[in-house]
Amino acid sequence: MNTEEVRRIIAKREATSDEWQQGVEQCWEELSSALASDYDAARAFLLEDCTADEASWVSEVHDEILQKTRNEAFVELLKHSVERFPEEAKLLNMSRQLEMAIDIFFLDDVVQGNLDFAGRH
């Protein structure tokens with residue numbers, strides 16, 4: 001993952017009208033793939049480099065990142081990234097959106113037989 005590439009994708013998403021669904025989804029795919037591709041680089045970006053505005057754009061793809069990684073380390077990383085910017089998290093309801101993405105992540109594993117309802121593998 002390249003930080004400048006992530007910033008380019010975020011800028012592209014910001015410039016994409018919410019009404020152009022195909023363009024939004026393309027940006028989401030690019031951003032989630034970039035962040036999910038390298039945990040250490042994503043961690044450095046989300047916990048050290050990104051701005052509050054960038055974190056808000058990343059919050060749009062929390063569920064896609066979890067779907068791509070299927071990794072509890074990413075769950076914790078995303079939680080910490082939301083905690084970095086409490087005002088934005090509150091304004092954009094980022095914590096609740098992330099919790100919903102986490103619920104979907106675990107529910108998918110239960111449905112697929114990877115976890116039981118107690119959260120055991």
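One term before we start: a residue counts as exposed when its relative accessible area is over 50%, as buried when it is under 20%, and as partly exposed in between. Keep in mind, too, that what you have on screen is a predicted model.

**Stop 1: the whole chain**

Switch to a cartoon view. You'll find eight helices and zero strands, so the pattern along the sequence is simply α-α-α-α-α-α-α-α. Of the 121 residues, 38% are buried.

**Stop 2: the nonpolar core**

Hide the surface and select Leu31, Leu35, Phe45, Val58 and Leu66. These have the most contacts inside the largest nonpolar core, a set of 29 residues. Which helices supply at least two residues each to this core? Colour helix 1 (3-15), helix 2 (21-36), helix 3 (39-49), helix 4 (52-58), helix 5, helix 6 (72-83) and helix 8 (94-111), and you have them. As background, nonpolar side chains tend to be buried together in soluble globular proteins.

**Stop 3: Leu66**

Zoom in on Leu66, which sits in helix 5 (residues 62-69). Is Leu66 buried or exposed? Its relative accessible area is 1%, so Leu66 is buried. Leaving aside residues up to four places away in sequence, show what Leu66 touches: Phe74, Val75, Leu78, Ala101, Ile102 and Phe105. Then try a distance label from Leu66 to Ile104: they are 38 residues apart along the chain, and their C-alpha atoms are separated by 9.1 Å.

**Stop 4: two cysteines**

Select Cys27 next. Cys27 is buried, at a relative accessible area of 1%. Cys50 is buried as well, with a value of 3%. How many disulfides does the structure hold? The count is zero.

**Stop 5: charged pairs**

Time to look at charges. Side chains of opposite charge can pair when their charged atoms come close. The structure has nine salt bridges, and we'll visit a few.

Start with Arg8 and Glu5, whose side chains meet in a salt bridge at 2.7 Å, N to O. Both residues lie in helix 1, three residues apart, which is about one turn of the helix. Arg8 is partly exposed at 40% relative accessibility, and Glu5 is partly exposed at 33%.

Now select Lys12 and Glu30, another salt bridge, with the closest N and O atoms 2.9 Å apart. This pair links distant parts of the chain, with Lys12 in helix 1 and Glu30 in helix 2, 18 residues apart. Lys12 has a relative accessible area of 29%, so Lys12 is partly exposed; Glu30, at 21%, counts as partly exposed too. Show Glu5, Arg8, Lys12 and Glu30 together and you'll see a network of salt bridges linking them.

**Last stop: Arg13 and Asp18**

Finish with the salt bridge between Arg13 and Asp18, where the closest N and O atoms are 2.7 Å apart. Asp18 comes in at 57%, and because the cut-off for exposed is over 50%, Asp18 counts as exposed.

Notes
Residues numbered from 1 in each chain as written. Predicted model: local features only at pLDDT ≥ 70, side-chain atom pairs only at ≥ 80, totals over all residues. Heavy atoms only, no water. Helix = DSSP H or I, 4+ residues; strand = E, 2+ residues; numbered from the N terminus. Buried < 20%, exposed > 50% of the residue type's maximum accessible area, 1.4 Å probe, protein only. Contact = heavy atoms within 4.5 Å. Core = buried A, V, L, I, M, F, W, Y, C linked by side-chain atoms within 4.5 Å. Disulfide = S-S within 2.5 Å. Salt bridge = Lys/Arg side-chain N within 4 Å of Asp/Glu carboxyl O.
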